[in-house]
Amino acid sequence: MFYVSTRGHPDRKHFCEILLEGLAPDGGLYLPERYPHVDAATLARWRGLPYADLAFEILSLYIDDIPADDLRAICRKTYTTEIFGTKEIVPLKKLEDGVYLEGLSNGPTLAFKDMAMQLLGNLFEYELARRGEELNILGATSGDTGSAAEYAMRGKKGVRVFMTSPHGRMSPFQQAQMFSLQDENIHNIAIEGVFDDCQDIVKAVSNDLEFKRKYRIGTVNSINWARLVAQVVYYFAGYFQATSPHPEGTRQVSFSVPSGNFGNICAGHVARMMGLPIEKLVLATNENDVLDEFFRTGVYRVRAAADTHETSSPSMDISKASNFERFVFDLLGRDGARVKSLFGEQLGREGRFDLSGDAAFRQARERYGFISGKSTHADRIATIRDTHARFGTTIDTHTADGLKVAREHLTPGVPMIVLETALPIKFAASIVEALGHEPERPAKFEGIEQLPKRVTVLASGAQAVKGFIARHCG
Ligand SMILES: *Cc1c(COP(=O)(O)O)cnc(C)c1O
């Protein structure tokens, strides 16, 4: 399987070549040159496989430069009951007839990013050892991504993590999750500034090519194809759990996905392109409705920082959706020149583009199953309250956005699977607002706020961070 850039660059690459890379040389994102098709007989064979073996079957369609036995071992080491809490790894929970929650947030940091990041940690360690190389991961986080990356990379040979976060601005629980890690290869850097300052630092350091090469700087952001393909697996696992075995491939399901950077739902799009019988892909946004606006109107309009709202589902607070270019590439018939002109030129110039006049946009629903909706703080609180009252289940704010929008798009007879993207303990203040009491805390997180913290506070600016990295790379 070869990978190509969404902006039409002529290079074709193998999986392990793009694994440690970010963007393609022309600024585009990598996608497989085609989606392998999974027929009904294959679906029937996959049903009933343990999650790790299902992951192996799907990944092996996309990875031809890691020997099968090694890849299977990596999957089995990643998706264990011990790390993800249950044998199912992504257990399905019925709320009521036709409406389910798929639990993607039972990994080490209690958010769905663990599903992909845990695999990425093992793939990185494997590939770096094979090459005899090292990598220093530099990132910026406001919460979920940074902790998922740190828990995936802790103790891994050949990898160091330098994670910047805005000093004092993450929730006490999120700070405790990250800063309590004592591993030698994990470095928490609290920047005196806001999240945008952290992102600017990462950009500035990455743009210093000499420094980047000398210190082998890499990233683990959501545009990484390996993260995306790891997420494809739980769409299949959700389908198997929500449908009965016979006859395979004729029964449809829908998914509702709380969305920010379009990474999670893009994996659903890939699963559907592979032939998984998905009726609808319901995209749910919060007040930051860049994507809902696109699917309603055909206009994609990047927001300015001042127009980006801080909400109670903060992991969906985006001004632009970094994986969206992948879907547009498929939508426009894989026309790399057109994608390059839209994302590489027009967005930079005008901050928006309009596909409402394109036949392709009008087919987004019919051909690709996409439909969208928006949820606000009041919706979130009402949904958390209602779900607790009627089903005795506490859901987090992001999952509440997904459930609220899912209810607007139910089809009788088609199971709706809402992806649960975090556990409520991560966003306790909103749960208290909705229910009047604290959410349940998993036993292993009891008292983490009191653990010793390992973090260095630095002034905002790339220079201080470069100095810190140089001092910690032996
Ligand atoms: C990251 C995240 C999202 C958004 O996922 P995308 O892949 O960026 O669309 C939603 N919910 C939670 C809890 C997250 O951490």
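**View 1. Domain 1 and domain 2 lie with their centres 22 Å apart, taken over C-alpha atoms.** The model is predicted. Domain 1 covers residues 3-84, 112-225 and 451-472 of the protein chain. Domain 2 is made of 92-110 and 228-435. In the contact between them, domain 1 supplies 49 residues and domain 2 supplies 50 residues.

**View 2. About 4400 Å² is buried between domain 1 and domain 2.** Carbon and sulfur atoms account for 62% of this area. On the domain 1 side, the residues that lose the most area to domain 2 are Arg 7, Arg 47 and Phe 112. Together these three residues make up 20% of what the domain 1 side buries.

**View 3. The interface of domain 1 and domain 2 holds 2 salt bridges and 23 residue pairs in polar contact, with both residues at pLDDT 80 or more.** The side of domain 1 that touches domain 2 draws two or more residues from each of several elements. Two of these elements are strand β2 (30-32) and helix α2 (40-46). The others are α3 (51-60), α5 (81-84), α6 (113-131), α7 (144-153) and α8 (172-179). By residue class, this side of domain 1 consists of 30 nonpolar, 12 polar and 7 charged residues.

**View 4. Lys 426 and Asp 144 form a salt bridge.** The closest N and O atoms of Lys 426 and Asp 144 are 2.8 Å apart.

Conventions:
Residues numbered from 1 in each chain as written. Predicted model: local features only at pLDDT ≥ 70, side-chain atom pairs only at ≥ 80, totals over all residues. Heavy atoms only, no water. Domains from an automatic or database assignment. Contact = heavy atoms within 4.5 Å. Buried area = accessible area lost by both parts, 1.4 Å probe. Salt bridge = Lys/Arg side-chain N within 4 Å of Asp/Glu carboxyl O. Polar contact = N/O pair within 3.5 Å; in protein donor to acceptor, adjacent residues only side chain to side chain. Helix = DSSP H or I, 4+ residues; strand = E, 2+ residues; numbered from the N terminus. Nonpolar A, V, L, I, M, F, W, Y, C, P; charged D, E, K, R; others polar.
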